[in-house]
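Dear colleague,

A short account of the findings follows them.

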Amino acid sequence: MVEIVISVAAKISEYLVAPMILPFTYLCNYKSNFENLKNEIGKLRVARESVLHRVDDAKRNGEDIEQKVEKWLSDVDKIMDAAGQIIEDEERAKNSRCFRGLCPNLTTCYQLSKKAAKEMVVIAGVVQEQGNFDKAFESRMSTLNDVLNALNNPNVNMIGVYGMAGVGKTKLVKEAARLAKKDKLFDEVVFAEVSQISDIKKIQGQISDKMGLKFYEESESRRARRLCERLKKEKKILVILDNIWASLDFEKVGIPFGDNHKGFLNEREAWNLFKKISGDYAENEDLQSIAKDVAKACGCLPIAIVTIARALRNKSVFEWKNALQELRRPSGRSFTGVPAEAYSTIELCYNHLEGEELKSTFLLCSLMVHIQSATIQYLLSYGMGLGLFGGIDRIEEAWNRVYMLVNKLKTSCLLLDGHTSEEFSMHDVVRDDLSVQQIPNNFFIGMTELRVLDFVAMHLPSLPSSLCLLSNLQTLCLDYGVFGDVSIIGELKTLEILSFQGSNIEEFPREIGQLTRLRLLNLAYCNLLKVIPSNVLSSLSRLEELYMGYTFVEWEIEGLNNVRSKASLHELKQLSYLTNLEIQIQDANVLSKGLLSKKLKRYKIFIGDEWNWSDQLQNSRILKLKLNNSTWLKDDVFMQMKGIEELYLDEMRGVKNIVYDLDREGFPKLKHPQIQNNPYFLYVIDSVKHVPRDAFRALESLSLSNLINLEKICHGKLKAESFCKLTTLKVKSCDKLSFIFSFSVARSLPQLQTIEVIACKNMKEIFAVLEFAQLRKLTLKSLPHLRSFCSLLKKSYTPERQQAPLTIGSSSNETAWYETLISNLAKL
């Protein structure tokens with residue numbers, strides 16, 4: 001969506017070299033430092049909301065969100081937490097003074113003032129970064145406007161939009177085409193995919209299909225003549241050619257064009273692009289002539305220009321000269337369909353990578369061809385199997401290393417962003433497409449050093465018998481395949497990573513229990529798998545990660561039979577190294593006490609028969625529960641699980657409130673709870689009982705639906721920290737609820753952006769006080785007894801966006817009431 005130009009680290013380092021401030025200055029500026037810190041926190045909140053607004057708009061338009069943006073938001077949350085802690089410490093310090101409160105504690109004041117001053121520096125840097133988001137957004141809009149202006153220009157008959165893959169060129173061009181057709185600039189829009197190896201007949205077919213033209217000729221030249229004649233007869237038609245790698249002969253395709261439009265980029269355009277990527281450094285008097293020669297050596301190919309310009313930015317003259325020599329040197333390698341310039345630039349960037357680990361990771365990525373957008377998990381599995389990551393003992397450590405390596409390769413333009421933060425993609429030019437049809441039984445004879453084996457999306461009646469000879473195999477992937485007998489896998493005693501994701505496996509082989517060195521087992525999306533023999537899972541004593549999402553195994557109920565034939569969930573408790581668990585359990589009766597252990601650092605656990613596993617969930621600790629009885633909860637199993645970030649509750653019999661019944665520590669990490677279909681709920685949080693008064697301090701959204709006996713969201717007094725990060729509130733069909741939040745809670749909701757209250761029969765007042773400067777969306781429907789939005793309107797209320805959407809009820813009485821509400825809000 002947008003790109004961050006100035007990093008937080010750079011801003012911090014700028015201030016670290018500033019002159020040292022004397023301790024006396026910290027004491028003198030104690031009060032002003034804290035006042036300024038609070039002001040900076042306010043600015044940071046506004047900056048965060050501005051970025052979130054951009055993100056929301058992008059998601060609604062179907063755009064992908066850059067990983068840099070997500071990281072910025074995550075960093076901001078951490079910084080705000082740290083700043084909030086400093087403010088809390090200062091409040092506590094006021095109550096702990098020397099000489100019975102007559103004098104302040106100077107040591108404490110000095111330390112707190114120093115922390116406040118440093119935190120202001122950090123916040124100022126982050127706020128400044130937010131401005132770059134707006135600049136990047138404006139840049140994208142500027143490009144869109146440039147395209148539209150060119151389409152309006154009668155003297156322009158060809159437009160080139162260039163950039164690295166994954167930055168949104170296709171979406172931008174399609175949006176420009178949509179707007180141009182809407183404004184009746186063209187009668188028709190035709191889209192064709194060119195790709196790395198130009199297939200003339202395929203391109204002709206894509207264009208003709210859109211125009212309703214049928215080809216009866218086989219030769220390209222005759223098809224081209226017919227297509228050209230048809231295009232000339234059309235009134236106004238826009239032809240979009242996507243994913244062009246090299247010059248395309250329009251005459252061969254049959255696209256009419258002018259004499260002055262025979263290439264993709266001319267030398268002037270190529271040089272301008274090169275300067276834009278490499279910066280003003282290319283304009284240096286000593287470098288300019290060399291830089292222009294480098295740009296020419298890239299053959300006016302956008303991918304080559306962008307890759308090399310990024311690699312040489314801020315490098316010495318000697319490195320520029322060496323790069324030019326390498327680009328001009330004829331390559332001994334030849335690849336069909338790959339422009340020589342493109343290959344040379346990729347090779348040059350590869351040679352400039354720091355360290356063998358990064359180079360090996362890139363080469364490994366180029367072999368991951370089974371999906372266009374590869375996952376971090378595949379890269380981790382292969383890299384662990386090959387021993388690429390030195391000094392790694394646990395898989396949890398390997399995750400951090402892989403993320404770091406992928407980010408470095410993206411910075412070098414050798415990897416591209418994927419559809420999600422867990423994926424990445426590559427340029428077609430560096431992908432190595434292979435296709436294996438069948439494997440003879442003796443295939444692996446003599447391959448004793450093989451460490452990683454990938455059988456993804458293959459159909460084999462049985463695995464090759466020579467597989468058992470792979471005495472050093474570390475990783476085996478059988479994802480999305482159809483296999484017969486796989487029991488031979490039990491002989492691979494060195495295996496550490498085994499994946500069956502999406503395969504047709506129906507019964508888990510008992511022999512796999514012999515793999516005592518296995519560290520990761522992936523059975524996700526194996527929807528045919530029903531039986532796991534008893535004591536197999538518990539035998540995998542070194543297992544660290546287990547994935548069983550959208551896999552519905554028939555678990556044995558612990559204690560019913562003395563002799564078990566099938567596995568029970570009790571076996572998972574015996575896996576002392578298990579830190580990552582993803583599992584879907586339809587029948588809650590098979591649950592085992594102690595399943596949800598404190599040692600789990602990442603988990604995605606769905607219990608019940610109506611949860612959708614395919615939902616896009618961003619957090620790493622997620623729990624969904626649908627329980628018809630409270631027996632499981634009475635065992636305090638839930639109390640053992642800490643750090644839940646997303647919580648979904650449905651039909652929780654016997655539970656009257658979340659905080660206290662489920663977690664007496666107040667869910668300190670919970671961000672997104674969704675509670676529904678529970679007639680027993682009285683309160684969401686009951687602080688009258690012994691629970692923390694700062695519960696829900698990390699909460700970002702709250703959704704309550706069909707809680708027919710819910711009396712209050714909060715019962716008792718809470719600290720201001722509770723709900724302080726809440727941005728979205730949705731309440732539906734909560735019939736006994738007469739108001740949302742009391743005065744004490746409502747005044748601590750500065751971040752609230754979305755309010756949705758629907759079909760609450762007894763709702764009389766939404767809030768006791770109105771002080772929501774960030775409010776953007778307000779939806780109120782079917783509230784027959786609502787008499788006021790709030791009983792106290794704060795004078796300081798100044799909506800940031802008065803055009804926030806407001807959805808009103810359908811009856812005439814409701815409409816009149818809401819019109820009065822709108823009028824009153826407009827006067828504030």
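This is a predicted model: local features need pLDDT of at least 70, side-chain atom pairs count only at pLDDT 80 or more; totals for chains, interfaces and linings use all residues.

Residues are numbered from 1 along each chain as its sequence is written, and side-chain values use heavy atoms, with hydrogens and water left out.

Strand E15 spans residues 621-626, and six of its six residues are buried (buried means under 20% relative accessible area, exposed over 50%, and partly exposed in between, with a 1.4 Å probe and protein chains only). Strands and helices here are DSSP runs, of at least two residues for strands (E) and at least four for helices (H or I), numbered from the N terminus. On one side of E15 lie Arg621, Leu623 and Leu625, and on the other Ile622, Lys624 and Lys626; all are buried. Strand E14 (residues 602-607) runs parallel to E15 and is joined to it by five bridges (strands pair if DSSP finds at least two bridges between them). Within this pairing, Ile605 has Leu623 as its bridge partner. Strand E16 (residues 646-650) is also parallel to E15, again with five bridges, and Ile622 stands opposite Glu646 there.

The structure holds twelve salt bridges, each being a side-chain nitrogen of Lys or Arg within 4 Å of a carboxyl oxygen of Asp or Glu. Three of them are described here.

- Arg401 and Glu357 have their closest N and O atoms 2.7 Å apart. Arg401 belongs to helix H18 (residues 395-411) and Glu357 to helix H16 (residues 356-366), so this pair ties together parts 44 residues apart in sequence.
- Glu396 and Lys601 meet at 3.2 Å, N to O. Because Glu396 lies in helix H18 and Lys601 in the loop between strands E13 and E14, the parts tied together are 205 residues apart in sequence. Glu396 is partly exposed at 36% relative accessibility, as is Lys601 at 45%.
- Glu496 and Arg519 form a salt bridge at 3.3 Å. Glu496 is buried at 14% relative accessibility, and Arg519 is buried at 12%. Salt bridges with shared partners join Arg394, Glu496, Arg517, Arg519 and Glu544 into one network.

Finally, Lys730 lies in strand E21 and is partly exposed, with a relative accessible area of 35%.
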